[in-house]
Amino acid sequence: MKKLRNFTSDLIIESAEDISLKPHYYKQKGIDMSEIEIDLVASRKSGRKTGAYLTVSPTNSTDKDTLSDVLYGGIKKLVRKVDVSKGKVLVVGLGNENVIVDALGNEVVKKIRTGGKTFELSAIAPKVADITGLKSFDIVKAICDYAQPDLIIAIDTLATKQLTRLGNCFQLTTAGICPGGGVNNPQPCLNKDSLHAPVIAIGVPLIISVGSILADNSAQYAYYMVTPRDVDTLVDRCADAISDAINKLGCQA
């Protein structure tokens, strides 16, 4: 029988809390920030991919422009870490546009302004295998083989185990992303090894397991996931902030 994960979460900040890693905490424009670098040792302890992780935690009073500015700064920081200074950037919106909680990536792609100067943006939303009959990874890999982007930015919905982080926490990482990992349905990972270009993943936790809420990991709760009642508003707000930040990268001279 498959062993169930304890209180499933995609957030590195929650793994850090579990295994006593020490992120660097600070504030930027009134927003709580944390940074952590996962090396091989920390990767073995946490089960997370190696790379730099940046967590952005706005408050309910944080305005849209401030949030997008901070996200833009985070993206630039990770772009420098992967040593990309110019070139083609492929924005990939993962998920299912027909299920609002899983539509974050699709909504971001709709708002991307393609083209640009130093960084030339293009965008694709490959949908899910249930719709296309093809895995998202296979579609993205084929596009990357053809277009040969210098950088990939992938956006997806994440899972959390803390109610307070639903819809108001952004995780940015150079480690790439493995779609479906937070709901025990892992798909092939989008990362530098698989796509032959650096991948920056941006995600927002919009789902939480019932087991996490009840602190009960028994089988009767493990596969039930819930989402906020106003998830449509949260998806729209988060997509606006992320797309604005990425579009600023495209406008960079």
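A residue is called buried under 20% relative accessible area, exposed over 50%, and partly exposed in between, using a 1.4 Å probe and protein chains only. The model is predicted, so local features need pLDDT of at least 70 and side-chain atom pairs count only at pLDDT 80 or more, while totals for chains, interfaces and linings use all residues. Residues are numbered from 1 along each chain as its sequence is written, and side-chain values use heavy atoms, with hydrogens and water left out. Helices (H or I, at least four residues) and strands (E, at least two) are DSSP runs numbered from the N terminus.

**Cysteines**

- The model has 1 disulfide, a disulfide being a pair of cysteine sulfur atoms within 2.5 Å.
- In general terms, a disulfide is a covalent bond between the sulfur atoms of two cysteines.
- The disulfide joins Cys178 and Cys189, with the sulfur atoms 1.8 Å apart.
- The link of Cys178 and Cys189 is right-handed, with 95 degrees about the S-S bond.
- Cys178 and Cys189 both lie in the loop between strand 7 (170-173) and helix 7 (192-195), so the pair ties together parts that are 11 residues apart in sequence.
- Cys178 is partly exposed, at a relative accessible area of 27%.
- Cys144 is buried, with a relative accessible area of 4%.
- The closest cysteine sulfur to that of Cys144 belongs to Cys189 and is 14 Å away, too far for a bond.
- Cys238 takes part in no disulfide, and the nearest cysteine sulfur, that of Cys169, is 9.8 Å away.
- Cys238 is buried, with a relative accessible area of 1%.

**Salt bridges**

- There are 11 salt bridges in the structure, where a salt bridge is a side-chain nitrogen of Lys or Arg within 4 Å of a carboxyl oxygen of Asp or Glu.
- Lys248 and Asp69 form one of them, at 2.3 Å from N to O.
- This pair links distant parts of the chain, with Lys248 in helix 10 (residues 231-251) and Asp69 in helix 3 (residues 64-81), 179 residues apart.
- Lys248 is partly exposed at 26% relative accessibility, and Asp69 is partly exposed at 31%.
- A network of salt bridges links Lys29, Asp69 and Lys248.
- Asp236 and Lys111 also meet in a salt bridge, at 3.8 Å from N to O.
- Asp236 lies in helix 10 and Lys111 in the loop between helix 4 and strand 5, so this pair ties together parts that are 125 residues apart in sequence.
- Asp236 is partly exposed at 38% relative accessibility, and Lys111 is partly exposed with a relative accessible area of 27%.
- Lys27 and Asp32 form a salt bridge in which the closest N and O atoms are 2.5 Å apart.
- Lys27 is exposed, with a relative accessible area of 57%, whereas Asp32 is partly exposed at 38%.

**Loop residue Lys117**

- Lys117 is located in the loop between helix 4 (104-110) and strand 5 (119-124).
- Lys117 counts as exposed, at 67% relative accessibility.
- Lys117 and Lys88 are 29 residues apart in sequence, and their C-alpha atoms are 9.7 Å apart in space.
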